[in-house]
Amino acid sequence: MAADPKALKIAAARAALDYVQDGMKLGLGTGSTAEEFVRLLAEKVAGGLKVVGVPTSVRTEELARSLGIPLATLDDEPSLDLTVDGADEIGPHLALIKGGGGALLREKIVAAASSRMIVIADESKVVETLGAFPLPIEVNPFGLKATVLAIEHIGRQFGLTGEIRLRMKDGKPFVTDGGHFIVDASFGRIPATKAFADELNMIPGVVEHGLFIGLASLAIVAGEGGVRVIDGKN
Ligand SMILES: O=C[C@H](O)[C@H](O)[C@H](O)COP(=O)(O)O
């Protein structure tokens with residue numbers, strides 16, 4: 001019988017707690033896996049662990065606050081010890097696609113402000129090549145069509161074609177915590193290269209994209225056979 005996906009998320013989240021030490025300043029990720037980590041962390045806090053969390057979304061902030069985890073903003077604590085977050089895909093060298101939940105901008109800012117980022121996921125997220133999961137790209141609503149054309153142009157330069165679709169919610173464009181839109185690029189494969197990432201970031205209407213390169217140092221992945229750790233250095 002296939003393992004329960006929620007149980008796998010909890011297993012990965014529980015293993016990440018081993019990396020949390022008293023006094024740490026922690027980036028708190030977004031998504032269903034990161035939320036399991038927040039719940040388990042809250043149990044530790046209730047048991048006396050002293051940490052302060054910086055949430056990567058309003059959703060995570062509300063959950064963490066409701067569970068009694070002491071919180072700060074990144075302005076209060078601009079240098080963090082560790083961020084624990086989920087991912088939509090984990091590729092070679094721990095290149096990631098993130099943003100399925102729409103939190104990629106704050107997630108990337110928080111991860112970049114952390115000495116270490118640990119990704120937690122179930123085994124289904126580990127892939128040989130990124131891109132079966134459409135790449136979320138956060139864009140300014142102004143000039144949306146021009147920005148999409150520019151993304152298509154960059155895609156073609158890297159041999160990529162595919163639909164770029166505005167993310168919708170309840171019949172309206174999905175709006176991020178930062179007040180932007182998200183387009184999801186179904187290129188089928190995403191080159192996990194700095195050149196591609198940089199070219200996307202050069203488009204004026206692109207606020208940030210969900211390709212995370214060189215940010216995660218460790219992945220904790222739970223599968224039916226147990227939990228394994230992937231070191232980003234390998
Ligand atoms: O914007 C959302 C985040 O990048 C999530 O970490 C990602 O979508 C994975 O979420 P989940 O753990 O729910 O699959």
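UniProt, in an unreviewed entry, places the feature "active site" at Glu107; such positions are given in the numbering used here, feature names are shortened, and annotations may be inferred rather than shown by experiment. The structure is a predicted model, in which local features need pLDDT of at least 70 and side-chain atom pairs count only at pLDDT 80 or more, while totals for chains, interfaces and linings use all residues. Residues are numbered from 1 along each chain as its sequence is written.

**Glu107 and helix 4**

- Glutamate 107 lies in helix 4, where helices are DSSP runs of H or I with at least four residues, strands are runs of E with at least two, and both are numbered from the N terminus.
- Glutamate 107 is buried, with 32 other C-beta atoms within 10 Å; a residue counts as buried if 20 or more other C-beta atoms lie within 10 Å of its own, as exposed if 12 or fewer do, and as partly exposed in between, with C-beta atoms placed from the backbone.
- When residues up to four places away in sequence are not counted, glutamate 107 touches Gly29, Thr30, Thr56, Asp85 and Lys98, contact being defined as C-beta atoms, placed from the backbone, that lie within 7 Å.
- Helix 4 is mostly covered, with seven of its nine residues buried, and these are Leu104, Leu105, Arg106, Glu107, Lys108, Val110 and Ala111.

**Surroundings of the ligand**

- The shell around the ligand holds 18 residues, of which Gly31, Thr33, Gly86, Gly100 and Gly101 come nearest; a residue belongs to such a shell if its C-beta atom, placed from the backbone, lies within 6 Å of the molecule.
- Helix 2 (32-46) and helix 4 (104-112) are the elements that give two or more residues to this shell, and the largest share, three residues, comes from helix 2.
- By class, the shell has four nonpolar, ten polar and four charged residues, where Ala, Val, Leu, Ile, Met, Phe, Trp, Tyr, Cys and Pro count as nonpolar, Asp, Glu, Lys and Arg as charged, and the others, Gly among them, as polar.

**Domains and their contact**

- The protein chain is divided into domain 1 (5-126 + 214-224) and domain 2 (135-207), with bounds that come from an automatic or database domain assignment.
- The C-alpha centres of the two domains lie 25 Å apart, and twelve residues of domain 1 are in contact with eleven residues of domain 2.
- On the side of domain 1 that touches domain 2, helix 4 gives the most, with three residues, and by class that side has six nonpolar, five polar and one charged residues.

**Serine 186**

- Serine 186 is found in the loop between strand 11 (181-185) and helix 6 (194-202), and is partly exposed, with 15 other C-beta atoms within 10 Å.
- Serine 186 touches Pro134, Gly162 and Glu163, again not counting residues up to four places away in sequence.
- Leucine 200 is 14 residues from serine 186 along the chain, and the C-alpha atoms of these two residues are separated by 15 Å.

**The chain as a whole**

- The secondary structure of the protein chain comes to six helices and 15 strands.
- The radius of gyration is 17 Å, close to the 17 Å that the globule rule gives for 234 residues, so the chain is as compact as a globular protein of that length; the radius is taken over C-alpha atoms, and the rule is 2.2 Å times the number of residues to the power 0.38.
- Buried residues make up 44% of the 234 residues, and among contacts between residues at least 6 apart in sequence, 77% join residues at least 24 apart.

Terms used: Contact = placed C-beta atoms within 7 Å.
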